[in-house]
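Colleague: I am new to reading protein models. Could you take me through one, feature by feature?

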Amino acid sequence: MAHKNQNKWGVVIIACMAIFIIVLDSSAMNVAISTLVVELNTTLSIIQSIIALYALIIASFMLLGSKLQDILGRKKTFLIGLIIYACGTITATLSVNALMLLTGWSILEGIGAAMILPATTTIVGSAYEGKDRVTAFGIWGGIAAMGAAIGPIVGGIFTTFVTWRLVFGSELVFVAVILIFRHYLSESKPTLTWKDLDKVGVLLSITSLILIVLGILLLTRPDYWSYVALLLISGSILFILFLLWQRRRINNGLEPLSDISLLKNRIFGLGNLNSIIQQIPLAGFLFIIPVFMQQVAKIDAFMTGVALLPASITILIFSLLGAKLSSILESKYIIMIGFIISAAGAFILGSVFNINTHIIDIIPGTVVFGIGVGLLLSQLTNLTMSAARSDQETDAAGFLNAFKNLGYSVGTALIGVLLILGIFGGLTSGIESAGLDGNMTTKQIHDSLFNYVEKMQTVPPKISPELVPQATQIVESTISYAMKQTFNALTLILILGFIISIFIPKRKESN
């Protein structure tokens, strides 16, 4: 093996440190959303877009980042990605406006992460064999879960007591440690040259994924709905062309950007599909809870992190426990159980939100949701990567990480769409139940409250004193209805994951 016995887990520790800071960003900054809006003089929708674009950039450049390992070697690709990521971290730390944050976080960190993530998968996979390999991937998945799990409390502490900038700034410490101990990582011999790179495939893959997620993002902006269909259709067509182009290169004996024959493998295909489905509710959960707790419950970023801490701990515990369960129970069944439990948690959460909701009210639902998510995180990476041959690991890592980040990006965007639909429905039913007369009065309250909920203004809309009781009733109805409908939609998505899991072959069937 490439590592010495006394430093047996050095490789996976170094790889996991990189995973940790990449995952930490999104979950930690979700609790700082309100602070970012104020300090960067921007809006909630712009911050939401920056968060979604971070995952979008990672997903869009992932296939290219994975293929670069065959050209540069996995260690060199990893280190170059780390340097790019560090540049983005510095830029984000010093941000004075939303554009600077977008450049540093979404673009530079996103491109760096797209090179790091698939490299860590192949670095860990090549450094261990047998049971050690299973354990190493279990640690890899557990650390990724831990990054998401402790992110809210880390973000809450920094945002409330120091500054949100330290969320990014502290990552430079991890970057420095990784660079110091980079000798643990083994290099792979390049098998391709730059001439072999499928440049058309790179262009098609990046463009298609960007168009698809941008189309979904614009669903949260009614003014741009006329462009949504065009973006989604164009992106889908380009992705189909990408697949056809890859098949053509393979048939002509040329090196493809990605080995799409992997997608024909039942375990690999269903594993990736379930990874996308699992990421959508997780992204939605990590976005909507902080927004609600800070904008409606009026608690600070630190207490928002505390509110999410039970779920965070649960996710971490059950992601590690799930890895041990796989020795006595089929991964397929653990995944099915995970989807059902997380769906139950989302369903419970749908009924607890109103203007008087406190932290204690959401804990039961978040804990149940965390149990299910932890079980899913413990299995999906190992299951999916097990379907790839050793010569396909680079492409498999690219596909897996691209789809996972695409799912997270879609989830962050989709939650905004679901909230807007819920707000419309809640306002309509609330106005009717309040018994308001007069179209003008109804329209004024509708517009005022919708603007308040959509933009999450810090100053409530001005309403005449005689309408306060009715307005309070409308706000109550709007919040309850919007949150219930949003979590019900997330529940259905998780149930879809359970149904798909039924068709995953057992180990014996896949051999």
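Modeller: Start with contact: it means heavy atoms within 4.5 Å. Keep in mind that this model is predicted. Now look at phenylalanine 487. Setting aside residues up to four places away in sequence, phenylalanine 487 touches Phe285, Ile288, Ile289, Ala346, Leu349, Gly350 and Phe353.

Colleague: Which residues have the most contacts inside the largest nonpolar core?

Modeller: First the general idea. In soluble globular proteins, nonpolar side chains tend to be buried together. Here the largest nonpolar core has 140 residues. Leu101 and Phe487 have the most contacts inside that core.

Colleague: What percentage of the residues in the protein chain is buried?

Modeller: Buried means under 20% relative accessible area. Of the 511 residues in the protein chain, 57% are buried.

Colleague: How many helices and strands does the protein chain have?

Modeller: The protein chain has 18 helices and zero strands.

Colleague: How do helix 1 and helix 3 cross?

Modeller: Read the angle between the axes. Over 145 degrees counts as roughly antiparallel. Helix 1 covers residues 10–30, and helix 3 covers residues 44–72. Their axes come within 10 Å and cross at roughly 165°. Helix 1 is therefore roughly antiparallel to helix 3. The crossing is left-handed.

Colleague: Which residues make the contact of helix 1 and helix 3?

Modeller: Helix 1 brings Ile22, Asp25, Ser26 and Asn30. Helix 3 brings Ile51, Tyr54 and Ile58. By class, that contact has four nonpolar, two polar and one charged residues.

Colleague: Are helix 12 and helix 14 roughly parallel or roughly antiparallel?

Modeller: Angles under 35 degrees count as roughly parallel. The axes of helix 12 (residues 301–325) and helix 14 come within 7 Å and cross at roughly 30°. So helix 12 and helix 14 are roughly parallel to each other. Their crossing is right-handed. The contact of helix 12 with helix 14 has 16 nonpolar residues, eight polar and no charged.

Colleague: Where does asparagine 354 lie?

Modeller: Asparagine 354 sits in the loop between helix 13 (331–349) and helix 14 (359–385).

Colleague: Is asparagine 354 buried or partly exposed?

Modeller: Compare its value with the 20% cut-off for buried. Asparagine 354 has a relative accessible area of 22%, so asparagine 354 is partly exposed. Now compare sequence with space. Asparagine 354 and phenylalanine 292 are 62 residues apart in sequence. In space they are 9.6 Å apart, C-alpha to C-alpha.

Conventions: Residues numbered from 1 in each chain as written. Predicted model: local features only at pLDDT ≥ 70, side-chain atom pairs only at ≥ 80, totals over all residues. Heavy atoms only, no water. Axes fitted to C-alpha atoms, helices over the stretch in contact; angles between N-to-C directions. Helix = DSSP H or I, 4+ residues; strand = E, 2+ residues; numbered from the N terminus. Parallel < 35°, antiparallel > 145°, perpendicular 65-115°, else oblique. Left-handed = near helix turned anticlockwise from the far one by under 90°. Nonpolar A, V, L, I, M, F, W, Y, C, P; charged D, E, K, R; others polar. Buried < 20%, exposed > 50% of the residue type's maximum accessible area, 1.4 Å probe, protein only. Core = buried A, V, L, I, M, F, W, Y, C linked by side-chain atoms within 4.5 Å.
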